[in-house]
Amino acid sequence: MKVSVTVNGVPQEHEVEPRTLLVYYIREVVGLTGTNIGCDTSSCGACTVLVDGESVKSCTMLAVQADGAEITTIEGLAGSDGQMHPMQEAFREKHALQCGYCTPGMVMAAVSLLKEHPHPTEAEVREGLEGNLCRCTGYHNIVEAVLHAASTGSVSA
Amino acid sequence: MIPAGFDYRRAATLDEALSLLADGGDEAKLIAGGHSLLPLMKLRLAAPSMLIDIGRLGDLSFVRDGGDHVVVGALTRHRDVEIDQTLRDHVPLLAHVAGQVGDPQVRHRGTIGGSIAHGDPASDLPAACLALGASFKAVGPSGERTIDASDFFLGFLETALGPDEVLTEIIVPKATGAGWSFQKFNRRAQDWAIVGVAAVRGERTGISLINMGPTPVRASATEDALAGGASAAEAAARAAEGLEPPSDLNATPEYRVHLAQVLVRRALEEASAA
Ligand SMILES: Cc1cc2nc3c(=O)[nH]c(=O)nc-3n(C[C@H](O)[C@H](O)[C@H](O)COP(=O)(O)OP(=O)(O)OC[C@H]3O[C@@H](n4cnc5c(N)ncnc54)[C@H](O)[C@@H]3O)c2cc1C
Ligand code: FES
Ligand code: FES
């Protein structure tokens, strides 16, 4: 079955089996491996990408369901000049990663969160990231980073 | 984890979905948001031979004010139910409950119709619909029919929907100004309820329970007690009467009975304070 999407602004068209999950499509067919697979059971959020601007667990969506959509992965956030996205900058600034495995998913979920809640409270950030697990339990600094990014007001996907 | 292979068809209209369902036979399944079905397919607990994608039926994604009731299209995603102003004004319980389902990523994909059609006793939205006295419109080859929420949930993951029917609308009586409460008891933020309670108290009183049996259920003994003038504490003590809650990793049946009584009391207190 044919799937046409844009990934990080680049049009992609491939023939895939209907059972191909979006995360495998992104990693193995498009070849962008920044999106991680953690649990593969819809729990951890490591695989979070934006589909038409909204956070989605890409292990729980078929590539064919995304046909026609605009997909943004962690690779698509930085500018073409390498300038980091404000959310990435905030994660660096606030030391919001340890091993980094959850980070791509956390950053994408956080970008989606700030689109819906540009000025969240700390509680809203914690609730907004409930679908993302950090095995290093760096939640404190992750929340700090999202609040910092919100305070600079420059986040848009 | 990868699902077993299947044919995939995308329905452009409701009629097309119905004829694909009729042609697909027993092995065909509708997919809306896929957030109940795909996890089951990945675990190979479900292996439909054909998926009929109704996710693009935009005509079935809406919230409409119907005067004394609100109609919600079956394909409306949890996020859109959560933030809808008509629902917030007239059926705040439903909007609130939609905002408690899973996590933001789940709410961006899962639909209210999928949640109801799946018929999981652990789900939040079916319980809210029961408490609110909602009804469901289904369309099949022989036309449409409306099924009361109280007659809809028949057994574990089993509903009154026929295999050739599509759930199209959720019709919810307005409960403007009524007291309400939603109690979801779980250990971790994104988890399903170990036990949950949805309650409405106003012109209509409805109390329903999550994960207290093979289906979403009403707490009938509590409702009867309230109708007979019992206090919140007296009525709550009867919350689990006649029910056989499941046993699983999270809780024994005895613990669930205890939780139901405590949570119903809290729900009644919160709903009366409104
Ligand atoms: C990580 C995670 C956490 C979750 N947490 C919760 C939670 O806390 N509380 C909760 O209530 N739910 C939870 N869910 C489930 C979520 O609410 C699902 O979105 C919902 O149960 C199913 O909706 P869907 O649109 O994704 O349906 P699908 O998965 O697409 O379909 C589910 C079933 O319904 C049928 N179906 C779908 N739409 C129709 C229709 N219009 N007519 C007839 N049949 C139809 C399908 O054939 C299938 O059998 C969670 C899911 C995940 C992945
Ligand atoms: S890999 Fe998708 S949620 Fe964990
Ligand atoms: S930084 Fe290691 S999992 Fe989050």
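A residue is called buried if its relative accessible area is under 20%, exposed if it is over 50%, and partly exposed in between, using a 1.4 Å probe and protein chains only. The model on this tour is a predicted one, in which local features need pLDDT of at least 70 and side-chain atom pairs count only at pLDDT 80 or more, while totals for chains, interfaces and linings use all residues. Residues are numbered from 1 along each chain as its sequence is written, chains are lettered from A and ligands numbered from 1 in the order in which they are written, and side-chain values use heavy atoms, with hydrogens and water left out.

**Stop 1: salt bridges**

Begin by selecting B:Asp124, which is buried, with a relative accessible area of 5%. Its side chain meets that of B:Lys184 in a salt bridge of 2.8 Å, N to O, the term standing for a side-chain nitrogen of Lys or Arg within 4 Å of a carboxyl oxygen of Asp or Glu. This pair links distant parts of the chain, since B:Asp124 belongs to helix 8 (residues 124-132) of chain B and B:Lys184 to strand 11 (residues 179-185) of chain B, 60 residues apart. Helices (H or I, at least four residues) and strands (E, at least two) are DSSP runs, numbered from the N terminus.

Next, select B:Arg77 together with A:Glu54, whose side chains form a salt bridge of 2.7 Å, N to O. Here the pair crosses between chains, from the loop between strand 5 (69-73) and helix 3 (78-83) of chain B, where B:Arg77 lies, to strand 4 (residues 54-57) of chain A, which holds A:Glu54. B:Arg77 counts as partly exposed, because its relative accessibility is 21%.

Then move to B:Arg265 and B:Glu269, which are joined by a salt bridge of 3.6 Å, N to O. These two residues are separated by about one helical turn because they are four residues apart in helix 11 (residues 253-273) of chain B. B:Glu269 is partly exposed, with a relative accessible area of 41%. Elsewhere, B:Arg64, B:Lys137, B:Glu144 and B:Glu169 are joined into one network by salt bridges that share partners.

**Stop 2: a pair of strands**

Now select residues 28-31 and 50-53 of chain B, which are strand 2 and strand 3 and pair in the parallel sense over four bridges; strands count as paired if DSSP finds at least two bridges between them. Which residue of strand 3 is the bridge partner of B:Ala28? The partner is B:Met50.

**Stop 3**

Most residues other than glycine have a negative phi. Select A:Ser42, where phi is near 70°, a positive value in a residue other than glycine, and find it in the loop between helix 1 (22-30) and strand 3 (48-51) of chain A. A:Ser42 counts as buried, at 14% relative accessibility. In chain B, select B:Leu157, whose phi is positive as well, near 55°, and which is found in the loop between strand 8 (153-155) and strand 9 (158-159). B:Leu157 counts as partly exposed, because its relative accessibility is 36%.
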